[in-house]
Amino acid sequence: MASFVDPRFGVALRGLRERRGLSLRSLGQLAHRSKSHLHEMETGVKAPTADTARQLDRVLDAGGVLAGMVDAPIDHAAEAGELRARVMASDVGKDVLDRIERGVDDLASAYPTTAPADLLPLVRRHLAYVGRLLDGRVTLAQQRRLLVAGGWLAVLRATVHIDLRQPAAAAAHLRAAHDLAEHAEHAEIRGWCLETRAWDVLIQGDYRAALDLSRQAQRIAPQGSSAYIQATAQEARAWARMGDVGETRRALDRVERLTANLPVPERAEHHYRYDPAKAAAYTATTLSWAGDPGAEQVARAVLADLDPDGDGGARPRRSASARLDLGLALVASGQPDEAVALGTEAVGSGRVVPSNWWRATELLAKVEQAGVPEAAALRELCAEYAPGHRPSADSTTG
């Protein structure tokens, strides 16, 4: 059985610490653990050992609550396999389908602003509910609605695992999502599965595989759908990481044509509904990675729109990424001092999820190469906030 930290552990640890008025540093002194180690456990990046959990229970007088969570690892392959097996049985129960579908939309809309470790247990609970309903009998139309809801939840769960850099769990739930989508004959979910895999391999540094998966997603997803548009944008990112500015620009032009007359969706924050306003942010990221001279102007406009008051704005995770994008563009244009300041703001916000951490380390490498004295402070901050596992990325491209 694969070891996995229960996401409730980090939430419980943070709650216990804050109720006692302790900072991470103070708790670390009491428990003889580093501040960064405690931060990683609270954000779900690093699994605590049983000894650490028991020590924190003693210090926080938690009555064994934390140790109990460590003693129950999750078998992701078994969970995903159980759901897939139920799909094959096709003996589905009827319940309040409208409520299930609203729950799917709520979770997909919470994704941009909710910490991955906090979102994961909610998605798991909804998936388990769908799984229970798949034990009963319903009409074929009702069955398909359940399968589609399960498919969306499974691909969202895989995305959260990617954000937490848990590759085995992500792969298991992407397979489950694909099987659900196949059974329901839902081409867009299948497209999203491929697009999500493309993003995963991209942040691991396999740019050619990311390009191939992005193109497969475009072939499968309905033309003009959100999955099709996002896969096209992902193709542009892959070209950017490979250093091909011409192909990058051509892919971005296709995204612009696809989104030119696209209405703003009812829930623009929904992860699986393409918001035309996102196009500028994707362009800023992609041009920054490609080293295109036009990246700075676009990246500044995106950051100003996302965070006009400098406090993170309504979407602080996206604002943190926008600061890293602008920082990379500024280094390329010979302005490393401001790039260091932006990197410090992004990392210090605590909003850079593990799957995006390589962007921070890439910016750090570039400002150090530029010889900026303040880069030392950024390195210290990166060491404090760095997740336990860093995906590989080629810092010489983009």
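Helices H3, H8 (116-133) and H18 (336-348) each supply at least two residues of the lining of the largest pocket. Helices here are DSSP runs (H or I, at least four residues), numbered from the N terminus. The model is predicted: local features need pLDDT of at least 70, side-chain atom pairs count only at pLDDT 80 or more, and totals for chains, interfaces and linings use all residues. Residues are numbered from 1 along each chain as its sequence is written, and side-chain values use heavy atoms, without hydrogens and water.

The largest pocket has a volume of about 360 Å³. A pocket is an open set of points on a 1 Å grid over the protein atoms alone, where a 1.4 Å probe fits, with protein on both sides within 12 Å along at least five of seven lines; lining residues have an atom within 4 Å of a point. The volume is the space filled by probe spheres set on the points. There are 25 lining residues; Thr43, Gly350, Arg351, Val352 and Val353 lie nearest the centre.

Gly44 sits in the loop between H3 (35-42) and H4 (50-60). Gly44 is buried (under 20% relative accessible area), at 8%. Phe9 is 35 residues from Gly44 in sequence, yet their C-alpha atoms are 7.7 Å apart.

Helix H17 covers residues 316-332. Its 17 residues should span 24 Å at 1.5 Å a residue, and the end C-alpha atoms are 25 Å apart, which agrees. The expected span is 1.5 Å times one less than the number of residues. Of the 17 residues of H17, 15 are buried, so H17 is largely enclosed by the rest of the structure. Gly334 follows H17, with a positive phi near 80°.

Technical notes
Buried means under 20% relative accessible area, exposed over 50%, partly exposed in between (1.4 Å probe, protein chains only).
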